[in-house]
Structures are given as C-alpha cells and as structure tokens.
Amino acid sequence: MKFVKKYGICLLVGALAGTLNGVLGAGGGIIITYFLSHLLTEDQKRENGVFANAVATMLPISAVSLFLYFSKGYIQMDNTLFYIIPSALIGGILGAFLLTKLKLKTVKNVFSFLVIISGFLMILK
C-alpha cells in the first residue's frame, strides 16, 4: 500500500507540474523541487539532489511544451534561437558546475529568494 501511495502522489505531482509548465511556461519546477525536498533521503538532499532531480524531471516537460508552443507559432525564432538558447545552455553548464560547489543552504536561499521576487514582480505588473 505504501508503494501505491508514494507513486500515486508522484503521478499527481508530475501531472500538476506538467500542467503548470504548459499553461504558464514555468512553475512546474517549483512544485517538483518542493515535492522532492520531502521525498528524497537526507543523503540525496545533502548532495543538492533535490535541484539536480528537479532539472532532470523538468527537461522532458519543457521539451513537450516547446514542441507544442512551436507547432502553434508561439516561439519567436529570431530572438529565441540565436540569443536566448545558446546563452541559456552556457548558463545551464555553469549552473550545474556551481550546484556541485555550493552548500545546500545557499542554493535553497537563492531559490527561495528568486521565487519570492518573481511572484512579487508578477503581482505588481
């Protein structure tokens, strides 16, 4: 029964994260990060596994969203393809490197700060 409950909750969280990502273009990672912080073992958390696993789960969700947005003509290829994607890939490599060097508390604080500031700025606009 514990197995069914655990994986049932995983399926529910995944569906919620995918829906948020599809509708808002963001937000699924926040849900997954919060969920993984309660699901993973202390050793996995200590090694920043929450954030690494969140990225691993968000990649396929983002790929599906990208395909659907592109097929509907929502992607502005002149800006996205030539500027944002290459610099985001470089940033992703740098971020993955930094994740292995930073303390978990620092990563949590930066993540929390960005979520709060992003929410605040969205409310103001």
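**View 1. Leucine 68 on helix H4.** Leucine 68 is partly exposed because its relative accessible area is 43%. Buried means under 20% relative accessible area, exposed over 50%, and partly exposed in between, with a 1.4 Å probe and protein chains only. Leucine 68 sits in helix H4. Helices (H or I, at least four residues) and strands (E, at least two) are DSSP runs, numbered from the N terminus. The C-alpha atom of leucine 68 lies 8.8 Å from that of glycine 22, and the two residues are 46 apart along the chain.

The model is predicted: local features need pLDDT of at least 70, side-chain atom pairs count only at pLDDT 80 or more, and totals for chains, interfaces and linings use all residues. Residues are numbered from 1 along each chain as its sequence is written, and side-chain values use heavy atoms, with hydrogens and water left out.

**View 2. The chain as a whole.** The chain has 6 helices and 0 strands. From the N terminus, the order of elements is α-α-α-α-α-α. Of its 125 residues, 18% count as buried. The accessible surface is about 9700 Å², and carbon and sulfur atoms account for 74% of that surface. Accessible areas come from the Shrake-Rupley method with a 1.4 Å probe; for residues, only the protein chains shown count as cover. Take the contacts between residues at least 6 apart in sequence: 55% of them join residues at least 24 apart. Contact means heavy atoms within 4.5 Å.

View 3. Is serine 65 buried or exposed? Serine 65 is buried, since its relative accessible area is 9%. Beyond neighbours within four places in sequence, serine 65 contacts Asn21 and Gly22. Serine 65 and asparagine 21 stand 44 residues apart in sequence, with 7.3 Å between their C-alpha atoms.

**View 4. The largest nonpolar core.** In soluble globular proteins, nonpolar side chains tend to be buried together. A nonpolar core is a set of buried Ala, Val, Leu, Ile, Met, Phe, Trp, Tyr and Cys residues joined through side-chain atoms within 4.5 Å. The largest one here has 11 residues: Ala17, Ile32, Leu36, Val50, Phe51, Ala54, Met58, Ile61, Leu99, Leu104 and Val107. Helix H2 (28-39), helix H4 (49-71) and helix H6 (104-124) each give two or more residues to this core. H4 gives the most, with 5 residues.

**View 5. Valine 107 within the core.** Valine 107 is one of the core residues and lies in helix H6. With a relative accessible area of 11%, valine 107 is buried. Phenylalanine 51 is another core member. The C-alpha atoms of valine 107 and phenylalanine 51 are 8.5 Å apart, and 56 residues separate the two along the chain.

**View 6. The aromatic pair.** How many aromatic pairs does the structure hold? There is 1. The ring centres of tyrosine 69 and tyrosine 74 are 6.3 Å apart and the planes stand at 55°, so this pair is tilted. Rings of Phe, Tyr and Trp (its six-membered ring) pair if their centres lie within 6.5 Å; planes under 30 degrees apart count as stacked, over 60 as edge-to-face and the rest as tilted. Tyrosine 69 is partly exposed at 24% relative accessibility. Tyrosine 74 is exposed, at 55%.

**View 7. A nonpolar surface patch.** Leu66, Phe70, Met77, Leu81, Phe82, Tyr83, Ile84, Ile85 and Leu89 make a nonpolar patch of about 930 Å². Like charges are joined within 9 Å, nonpolar side chains (Val, Leu, Ile, Met, Phe, Trp, Tyr) within 5 Å. H4 and helix H5 (77-101) each supply at least two residues of the patch. H5 gives the most, with 7 residues. Methionine 77 is in helix H5 and is partly exposed, with a relative accessible area of 32%.

How values were computed:
Patch = residues over 30% accessible without salt bridge, like charges linked within 9 Å, V, L, I, M, F, W, Y side chains within 5 Å. Salt bridge = Lys/Arg side-chain N within 4 Å of Asp/Glu carboxyl O.
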